[in-house]
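The exercises below ask you to work from a sequence and its model, and each one is followed by a solution that goes step by step. Please try each task on the displayed structure before you read on.

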Amino acid sequence: MTALSLPPFVRLGGGALDELPAALRQAGLRAPFIITDRFMAASGVLERVHALLSADGIEVRAFTDTVPDPTVACVGAALAMLREGAHDCVIGLGGGSPIDTAKMVAVLAVHDTTPARLKAPFVQDAPGLPIIAIPTTAGTGSEATRVTVITDEATDEKMLCMGAAYQPRIAIVDYELTLSMPARLTADTGIDALTHALEAYVSRRASPFTDALALTAMKRIWTHLPTCCVEPGNREARAAVMEGAFEAGMAFSNASVALVHGMSRPIGAHFHVAHGLSNAMLLPEITAWSLSGAPGRYAECARAMGVVGADVSDAAAGEALVAALRARNAELGVPSPQSFGLDAARWDNLLPLMADQALASGSPAHNPRVPTAAEIVDLYRRVWA
């Protein structure tokens, strides 16, 4: 049996944001609390959402101080503001950080607990407030997932929290909100989405349903991401990558991510590297190491992405996939941890802890080839340069 978790109400395509009031009515919601960041507040996007809701007779209150890699303190501040009013749902507006913050706030608004108590392997299925996700980047897939990641700033641990409570009730997936994304953010979030799709396909928890989503997502993202980076106003490319990111989110939410994500979170927590960029740093080498665990699956990824034709052997297709991932990183200017300027001594000293944290997240257990802590340390060393 396969258990699936998907957002029940979705608005997908250019101009979908205009459907927010109708989507709220469809879901029986009338008193949202918005969680976003200062960029969204300054860019005019929050003002647009405010105007849409006000025109429908909905009063708006917004918390605008979310931070990258949302912290326990940030969640607490947003929760305190929510409790000052009477709200029946939480809107996450922005990239993955505002949406992840909104997910945790929605749960804590109903349940007397803490993010630390909710981290994996605990599963939070009992619902909190309904969540509305409005992504403005094409990458995290958080609008489709039943997970959130909150950083414990006291320990520099990125805590993976999972369960049906984090599944958005409404997803507003409007590629027009991504047209102003800069090239670096476009590349990093796009590779994040590609990683979601690839890891969902090779995951030990994959199913025919998630396979279909993952393969389609890989094809869209691989084909159109470079165009988005050099032609930011290309609507066809932006639409394809946004849809691919949504498909990848649905795929990995139901099949799980794997070793790349397990190793990525400690890099973000300890060195404050953006999540998509740390995934991109890891993806080629981790794929190369993992090939032997599922050569046929990795070969199908290469074929779906158009890296090789249908007649190429699995072994050759897997090697071609790794070569293509390395070439794409070079094309999009993805640095190594070393060239990004991370502190070499601190990196080396933290490797045992980072390996333990990667394993504790649970994601590496779904990888086709499951590593030991010592093997993860070795992989971090390979990725360094």
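## Exercise 1: A buried serine

Ser336 has a relative accessibility of 16% and therefore counts as buried, in what is a predicted model.

Task: Find where Ser336 lies, and state which residues it is in contact with once its neighbours within four places in sequence are left aside.

Solution. Begin with the location: Ser336 belongs to the loop that runs between helix H13 (314-331) and helix H14 (337-340). Finally, list the contacts, which, leaving aside neighbours within four places in sequence, are with Met281, Val383, Trp384 and Ala385.

## Exercise 2: The sheet around E8

Task: Work out in what order the six strands form the sheet, and which strands stand at its edges.

Solution. Start from strand E8 (residues 170-173), where Ile170 and Ile172 point one way while Ala171 and Val173 point the other way, all of them being buried. On one hand, strand E1 (residues 9-12) runs parallel to E8 and is joined to it by four bridges; within this pairing Leu12 has Val173 as its bridge partner, and Arg11 stands opposite Ile172. On the other hand, strand E5 (residues 131-135) also runs parallel to E8, joined by two bridges, with Ala133 partnered by Ala171.

Extending these pairings gives an open sheet of six strands in the order E1-E8-E5-E4-E2-E3, with parallel pairing. E1 and strand E3 (61-63) each have a single partner strand and stand at the edges, so one side of each is left without a neighbour in the sheet. From one strand to the next, the twist averages 15°. Helix H5 (residues 96-108) packs on this sheet, where it touches strand E2 (32-35), strand E4 (89-94) and E5, and its direction makes about 165° with that of E4.

## Exercise 3: Backbone exceptions

Task: Locate the cis peptide bond that ends at Pro121, and then examine the phi angles of Asp69 and Asp156.

Solution. As a background expectation, most residues other than glycine have a negative phi, and most peptide bonds are trans. The bond from Ala120 to Pro121 is cis, with omega near 15°, and Pro121 sits in the loop between helix H6 (115-118) and E5.

Turning to phi, Asp69 is not a glycine and yet has a positive value of about 50°; it lies in the loop between E3 and helix H4 (72-82), and its relative accessible area of 16% makes it buried. Asp156, likewise not a glycine, has a positive phi of about 55° and is found in the loop between strand E6 (147-152) and strand E7 (157-162).

How values were computed: Residues numbered from 1 in each chain as written. Predicted model: local features only at pLDDT ≥ 70, side-chain atom pairs only at ≥ 80, totals over all residues. Heavy atoms only, no water. Buried < 20%, exposed > 50% of the residue type's maximum accessible area, 1.4 Å probe, protein only. Pairing = 2+ DSSP bridges. Axes fitted to C-alpha atoms, helices over the stretch in contact; angles between N-to-C directions. Contact = heavy atoms within 4.5 Å.
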